[in-house]
Amino acid sequence: MTRVKDPEKLPDATGVYIFRDRDDRVLYVGKSISIRKRVSSYFREQENPRLRIMMRHLESIEYILTQNEKEALILESNLIKRYRPPYNVRLKDDKRYPFIKITDEEYPRVLIVRTIGRDSARYYGPFTDTGAVRRTLKLIKSLFRIRSCRRMDGPCLNSQIDLCYAPCDGRISREEYQEIIEKVDLFFQGRYQEVIEVLEEEMKEASERLEFERAARIRDQIESIREVMERQHASFTDSIDQDIVALEKGGDTSAVVVLQIRDGKITGKDDFILRGSAPRTEILEAFLKQYYAIPRRVPSEILTQYPVEDGVIAEWLSELRGEEVKIHSPEGGAGRRLLNIAWKNASVILKQKGRIRDALLQLKDDLKLPEIPRRMEGLDISNIAGESATGSVAVFIDGKPSPGSYRRYRISAQGPDDYAMMRELVERRYSSPELRKPDLVLIDGGKGQLGAALEALKNCGVHVPVVGIAKKREEVYLPGLSEPVDVDDGALQILRHLRDEAHRFAVKYHRTIRDRDSLESELDGIRGVGPVRKRALLEHFGSLDGVMDASVEELASIPGMTREVAERIHRHFSGDLAG
């Protein structure tokens with residue numbers, strides 16, 4: 001990369017440019033057929049106030065030349081993911097969805113994460129289907145045999161069953177391992193054909209060197225990747241295959257909705273929030289580049305709310321798909337009606353986002369918080385007379401549930417002492433120095449539970465804002481105040497929702513523990529029912545009641561269960577103890 005300060009010294013050639021401030025932080029990443037002409041346009045008077053601010057911070061300009069505009073587009077997307085520049089339009093780091101991360105370690109791993117760190121790792125996402133991400137990661141590990149262990153302290157089981165090249169044991173050089181990681185990177189960009197071409201060349205070289213076992217392994221990799229390609233294109237031949245993309249913009253926030261049309265029917269919907277101030281067409285183009293830069297189905301046709309002026313996007317998507325992809329903005333007909341549906345959905349999402357943002361601002365004012373409570377955690381206890389006690393932590397990010405961050409605890413405090421249980425829950429939750437501290441902790445309970453939580457936080461040496469919400473009158477209590485405080489309806493609704501989520505999660509775990517304990521005690525006296533069969537019964541029927549109501553045939557259908565033991569269980573619960 002070459003760095004300059006004068007835009008006139010930039011080349012009149014295709015590539016990517018990077019704006020940096022005086023602290024060397026990346027402000028903006030862009031691409032152009034002519035870097036010099038495009039960058040020079042930023043030095044003219046800017047109507048956009050956001051860009052005027054950016055230019056005041058600009059200290060230096062880097063550039064990277066590419067062979068063509070398509071290469072520049074791919075490089076631009078990767079750099080935006082890597083640096084997350086504040087002045088680019090980009091998908092918000094949404095905690096609901098997972099990302100794929102290729103770590104920046106000496107021997108990189110491929111992980112599923114829910115946040116993008118400020119590091120030099122490579123990220124792909126967000127993905128809306130967590131199950132699909134896990135299946136893809138499993139395929140990647142089996143295909144490329146990359147390491148998954150945290151510490152490289154010797155060969156592990158994966159190396160023994162031929163699922164890892166074992167760099168920890170020196171069985172592969174760093175250079176060879178990095179070549180594998182580059183193939184993984186291409187795979188996640190959807191550039192399967194390029195991966196296959198590289199592998200075919202390696203297979204040929206291995207055959208020429210008489211390394212037939214290695215050549216056979218590469219052949220299997222190629223076949224697996226081709227299966228992935230075939231699955232992605234299997235349903236595209238004889239059916240309508242479209243993505244419908246529309247957005248609504250408000251200030252520097254935009255909501256984008258994608259409707260998937262398969263076989264003439266709406267089969268799915270994705271929605272995303274983008275940050276960045278730019279014309280709507282530019283936001284739309286930025287979204288398309290980020291949305292399709294991860295491994296997902298590329299349809300034969302994309303209908304957009306506004307015309308896409310950047311023709312290289314269609315060229316790039318056609319390459320990813322392996323056949324022509326059309327991008328257009330219909331003025332009428334069924335296509336425009338579908339775009340209107342997507343746009344209405346985006347408008348609703350943006351309005352909801354605005355209401356939540358206003359409620360969080362109101363919550364900050366009403367509770368006298370030092371900052372907007374973007375991360376809130378609700379804590380609750382569930383028990384019956386002190387038995388089978390459980391605790392839960394529900395997490396809200398920007399006013400919305402983040403179920404992947406929820407946590408549950410088995411409480412050891414004995415007897416019906418809610419305060420002792422709350423102290424234990426708080427101490428177990430916040431005693432770790434590595435835990436990310438929330439902006440607000442909500443305790444399900446009145447002044448007594450709130451006091452127990454404050455005592456526990458003090459023991460942990462943790463200082464975070466804490467409030468309590470009483471169940472009966474929905475009153476909100478602050479530390480040190482004997483009377484409840486007034487909270488705006490919108491702000492109170494978020495607190496109630498968080499409290500209800502924590503309560504639901506605690507009760508669900510409590511019932512699971514109670515049913516498991518009850519089931520185990522009920523089954524302990526039945527010959528032939530040990531720990532494995534107890535667990536299988538609970539997992540299959542969900543509760544003791546489910547086991548009691550089951551027929552002999554249903555009981556016998558459980559893996560590992562014999563008919564003789566099934567009949568014995570059925571007799572026990574039906575009251576027929578004979579035999």
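What follows is a set of questions and answers on a predicted model.

Student: How many helices and strands does the protein have?
Tutor: The model is predicted, and the count refers to the protein as a whole. It comes to 18 helices and 20 strands.

Student: What share of the residues is buried, and what share of the accessible surface belongs to carbon and sulfur atoms?
Tutor: The protein has 579 residues, and buried residues make up 50% of them. The accessible surface comes to about 28900 Å². The part belonging to carbon and sulfur atoms is 47%.

Student: Which residue of E12 stands opposite valine 245?
Tutor: Strand E9 (residues 241-250) and strand E12 (residues 301-304) run parallel and are joined by four bridges. The residue opposite valine 245 in E12 is threonine 304.

Student: Which strands form the edges of the three-stranded sheet?
Tutor: That sheet is open and antiparallel, in the order E7-E6-E8. An edge strand here pairs on one side only, and this holds for strand E7 (110-113) and strand E8 (122-124). The edge strands are therefore E7 and E8.

Student: What is the bridge partner of isoleucine 100 in E7?
Tutor: Strand E6 (residues 99-102) pairs with E7 over four bridges, in the antiparallel sense. In E7, the partner of isoleucine 100 is isoleucine 112.

Student: How many disulfides does a search of the whole structure find?
Tutor: A disulfide needs two cysteine sulfur atoms within 2.5 Å. For cysteine 168, the nearest cysteine sulfur is that of cysteine 149, 5.5 Å away, and cysteine 168 is in no disulfide. The search of the whole structure gives zero.

Student: Is cysteine 168 buried or partly exposed?
Tutor: Buried means under 20% relative accessible area, and exposed means over 50%. Cysteine 168 has a relative accessible area of 22%, so the class is partly exposed.

Student: Which residues of helix H2 are buried, and where on the helix do they fall?
Tutor: Seen down the axis of H2, the buried residues fall within an arc of 100°, so they line one face of the helix. Their cover includes strand E2 (15-20), strand E3 (26-32) and helix H1 (35-42). H2 spans residues 49-57, and its buried residues are Leu51, Met54 and Met55.

Student: What is the phi of aspartate 24?
Tutor: Most residues other than glycine have a negative phi. Aspartate 24 lies in the loop between E2 and E3, and is partly exposed at 38% relative accessibility. Although aspartate 24 is not a glycine, its phi is positive, at about 70°.

Student: Is aspartate 398 buried or exposed?
Tutor: Aspartate 398 is found in the loop between strand E15 (387-397) and strand E16 (400-401). Its phi is also positive, near 55°. With a relative accessible area of 10%, aspartate 398 is buried.

Student: How far apart in space are lysine 70 and glutamate 315?
Tutor: Lysine 70 lies in helix H3 (residues 69-83) and is buried, with a relative accessible area of 16%. Not counting residues up to four places away in sequence, lysine 70 touches Val312, Glu315, Trp316 and Glu319. Lysine 70 and glutamate 315 are 245 residues apart in sequence, and their C-alpha to C-alpha distance is 7.6 Å.

Student: How far apart in space are arginine 407 and alanine 506?
Tutor: Arginine 407 lies in strand E17 (residues 407-410) and counts as partly exposed at 41% relative accessibility. Beyond its neighbours within four places in sequence, arginine 407 has contacts that include Arg429 and Phe505. Arginine 407 and alanine 506 are 99 residues apart in sequence, and from C-alpha to C-alpha they are 9.3 Å apart.

Conventions. Residues are numbered from 1 along each chain as its sequence is written. This is a predicted model: local features need pLDDT of at least 70, side-chain atom pairs count only at pLDDT 80 or more; totals for chains, interfaces and linings use all residues. Side-chain values use heavy atoms; hydrogens and water are left out. Two strands pair if DSSP finds at least two bridges between them. Helices (H or I, at least four residues) and strands (E, at least two) are DSSP runs, numbered from the N terminus. Buried means under 20% relative accessible area, exposed over 50%, partly exposed in between (1.4 Å probe, protein chains only). Accessible areas come from the Shrake-Rupley method with a 1.4 Å probe; for residues, only the protein chains shown count as cover. The arc is that of the directions from the helix axis to the C-beta atoms. Contact means heavy atoms within 4.5 Å.
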